Amino acid sequence: MKSRTVLNMSAALSALAFATFSVSASAQDAPKNSDTNDKPKADIIVTGVRGSVEAASTKKKNSKQIVDSIVAEDAGKLPDNNVPEALSRVTGVQINRERGQGQGVTIRGLSQIQTTVNGNNVNLGTDRSISLADIPAELLKSVDVYKTRTADQVEGGIAGTVNVELRRPLDLKKGLTVAGSLRGAYDEYAEKVSPYASLLLGERFETGIGEMGFLLNGSWTRTYYQENYVESESPDTVCCEGDANSPLNNLPAEYRNVVIPYRTQYGTESGYVTRPSLSGVFQWKPSDKLEFILEGSYIGSKERRSIDKMWTLNREWNTQFSGIELMPDGQTIKKLTISNPNGVPAYIEGTYNTLNRDLYTTNFETNWRPTDRALLHFSTQYSWSKDSYYYVQQILRPYNLQSATIDFVSDAYSRPVPSITFNGTDLNDVTQYGVNRFQDNAGVSKNKEFASQVDLTLTLSDNSLLRSLQTGIRYNRRDVDRYYGYRDGFPRVDGKDAPLTAFPGGDQASMVGPDLSGSPQWYRIPGKALLSSIDAVRAYIQATDPGNATRFSSELPPSDQGQTFTSVENTFAAYAQLNYGFDVGFPVDGVVGLRAVNTWGSSTSFQYRIGAASAGYPLIIEESSGRGNFMDYLPSVTATLHFDPKTQLRLSYTTNVSRPSFYDLRPFFFVDPNAATPNVDAGNPDLKAQREWSINASLEHYFGRAGSASVAGYYKKATNWTYFSREVAADLGEYGLPGRSGTVSQLRNAGDGTFYGVEAQIQSFFDFLPGALKNFGASLNVSRILEARVEYPYPEDFPGAFDSVDTSKWTANAALYYDTPKFSTRVAFNYRSPYRLYVWTDNPAYSWYNDATYRLDAAVNYTPVKFMTLSIEGTNLTGNDPYRYFGKENLLPLGVRTMARTVQGSVRFRF
């Protein structure tokens, strides 16, 4: 493994953090904390660890919903490097990590999350949300995880809502504020330093027409990453029964039911993501009764990603099998050798992808109090975005490769993983490689979105049953479109794969391979070199593959119209909710509300049919369209029982809805009527939205300045789960083949999902201890999902058959911190139990699982002068790698991906 230096630095950082606790505890008394009744000042940016924890606790206590928050410790300083990483510390939240950072997020076992910025719904391209990983931590004031909703909140995610709160100028102290940060993070596998920078400029001042403020907040980051992996995929029995030429016929009779992964591969994934961002806000408060806000933001992501793989196809046609060994179950392969007189199907894949995402948002809002008992809120937003990619891909094949041995449980890693041995082949000779295929692929998704809403809040009384009435309306329109195209070229010279050395860019071919024990190295054209040679590649394909010459005559691939579509979606929502309160020996208050949402829209795509043989099998393409119109009624009821000023029980019944993706709803199909039993590949305009209702309870106790303890439970029922399958259809009339039977492959609504579990958390600073010990604090949270069950349309006859995807039964976080005005440190541990990664529909018993993951991070901060803080931080200090396997009971190793440790230093300043 690379970079012993990082290992030593990581160990040193851990030791430093723990030593800090000891030294601090034995030091003289730090300056006394201010009285516990003092409230943190709202106009101060710097909060520190204690202030961050206290602000999050206050949000939770005062919210109408069940919500957990992460609050920035300082301008440009969340506790972690990006939003998903920070959310992994929240009770009931689970994340996965890819390409060096946290990526996907689930809340209480579900991934259908709605994202909002300052409370306003935001989407990217044709998606129903934005990538939280693309939002720079340096820009944020706080992040809120809403596990329940009330009627005044925008609908859209059955898992919950993640709201990102950006700073506004009237949050700042009066006068000029300048704050920023510089940071460098070293990745042990990429062996590069990732730079990060942010700057905030704000001015808050009084004028003759009221208080005003301006704020500009920008950041620029570049994150380098590299992951190494060895994996198998798609385990199943060998095809095909009754066919004398099939690979099944080459298996001895006693092995005909053996399950063999279709592919085994070594690989490495490397590159960088550049994320520029900027937000600007003007805030004007003419009086205490009137406020205007005008704001806009830009969030960008520019990624350059190289993927290099070498793989074998383990059960292809004409494959000969030998040396077969089985796992103890007598059904799953353990080891085999594959051979083929025409060459073993082993390939080298090199892909270079340029991915660009640009999101622009604008928002205008005003708050007006015409009387002391009325508040009128108006806001309107317009956003637009573009999500695009273009990649080039080379598929190479070594000449004269006759056999390969695949050991699916080798000892090449600390736990069993697949390994490949190529027998009698020299991979170090560049002249022994041919270019089997070249592909380039392009896609663009665009979104234009307008929303406007009016809300009215009327205070009815201060102490009677009905305290206030809130009502409002909201209109939203989305115009989305997607372009997609690809083309394949098969260059041949003298009837063979074109020599790599003769292919454009081949003179720059170099060896690559993952940094894993026993991994082979192989030649390929570096992705960046391949992309820079694209014009020459197109000309070479036209010369060596005449059948595809026309497709490669244009700069970009021609459109695959089946995946190209345009859609318009409108929603109109109206809501009303009553805030109530009464006393039964202790105060009780809450909200009862209903949100009614009408959604209507249309979508246009294309349908494909292959014409008759007599006409030469022409491809017939016709435009197709679909429409929809439906209503959702979303009631919600909450109650908070205040047993005393520090202890409360929060109860709620809430509902929500997640609409299907625009891609899945597109009215597309492809069919070949000439087939004896036609199969239709299709979108599904009839997909139903997923709906959920849940019952929630949270018992909470608050103490001290930042102390809290809570226990929560929930039960959630979700309908209309989705599942991709191929089903028999008695009549294909709707696909232009009336009276004919066949099959239809598409995404369908499956059964219901049931989720219930419990959560517990406790956090406190040790203010009751003497001297410097009072500056210590700790937090602990645990989440146990007791049931996460989705009723998929296959028999429940194997372990984990109905396990929900991306759902761990256990999640835990523990943190120990020390905080004074000059010095602070934090050590944090995160644990996530095994979870199902993917439902393998061909053989669900061999679905993919991720083993338990754990992560240790540490940080040390020092503020030598009031305006500057120095930090050193380390992530994944124990070097935990994601390990995966097939089947809930680990029927066969899937493989491992390495996850880098990082060490970073930073400086933050504020004036």
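These legends describe close-up views of one predicted model. Local features need pLDDT of at least 70, side-chain atom pairs count only at pLDDT 80 or more, and totals for chains, interfaces and linings use all residues. Residues are numbered from 1 along each chain as its sequence is written, and side-chain values use heavy atoms, with hydrogens and water left out.

**View 1. An open sheet of 5 strands with mixed pairing.** The strand order is S1-S6-S7-S4-S5. Strands are DSSP E runs of at least two residues, and helices are H or I runs of at least four, both numbered from the N terminus. Two strands pair if DSSP finds at least two bridges between them. S1 (67-71) and S5 (120-121) stand at the edges; each has a single partner strand, so one side of each lacks a neighbour in the sheet. Strands S4 (residues 113-117) and S7 (residues 160-166) run parallel and are joined by 5 bridges. Across this pairing, Gln114 stands opposite Thr161 in S7.

**View 2. Ile113 in strand S4.** Is Ile113 buried or exposed? Its relative accessible area is 11%, so Ile113 is buried. Buried means under 20% relative accessible area, exposed over 50%, and partly exposed in between (1.4 Å probe, protein chains only). Beyond its neighbours within four places in sequence, Ile113 is in contact with Val105, Thr106, Ile107, Ser129, Gly157, Ala159, Gly160 and Val162. Contact means heavy atoms within 4.5 Å. Ile113 and Arg128 are 15 residues apart in sequence, with 8.6 Å from C-alpha to C-alpha.

**View 3. Helix H2 (residues 48-62) across S1, S6 and S7.** H2 runs at about 155° to S1. Axes are lines fitted to C-alpha atoms, for helices over the stretch in contact; angles run from 0 to 180 degrees between N-to-C directions. The 15 residues of H2 reach 21 Å from first C-alpha to last, close to the 21 Å expected at 1.5 Å a residue. That expected span is 1.5 Å times one less than the number of residues. Buried residues in H2 include Gly48, Val49, Arg50, Val53, Ala56 and Lys60. The charged end of Arg50 sits over the ring of Phe765, 4.1 Å from its centre. A charge sits over a ring if NZ of Lys or CZ of Arg is within 6 Å of the ring centre and within 35 degrees of the ring normal.

**View 4. A cluster of rings linked by ring pairs: Tyr723, Tyr792, Tyr794, Phe798 and Phe802.** Rings of Phe, Tyr and Trp (its six-membered ring) pair if their centres lie within 6.5 Å; planes under 30 degrees apart count as stacked, over 60 as edge-to-face and the rest as tilted. The count comes to 40 aromatic pairs. One of them, Tyr723 with Tyr792, is tilted: 5.7 Å centre to centre, 45° between the planes. This pair links distant parts of the chain, 69 residues apart: Tyr723 in strand S33 (residues 722-729), Tyr792 in the loop between S36 (776-790) and S37 (810-819). Tyr792 and Tyr794 have ring centres 5.8 Å apart and planes at 15°, so their pair is stacked. Tyr723 is buried at 9% relative accessibility, and Tyr792 is buried at 6%. Tyr794 is also buried.

**View 5. Lys386 in strand S16 (residues 374-398).** Lys386 is partly exposed, at 39% relative accessibility. Other than neighbours within four places in sequence, Lys386 is in contact with Leu124, Asn356, Arg357, Asp358, Val444, Ser445 and Lys446.
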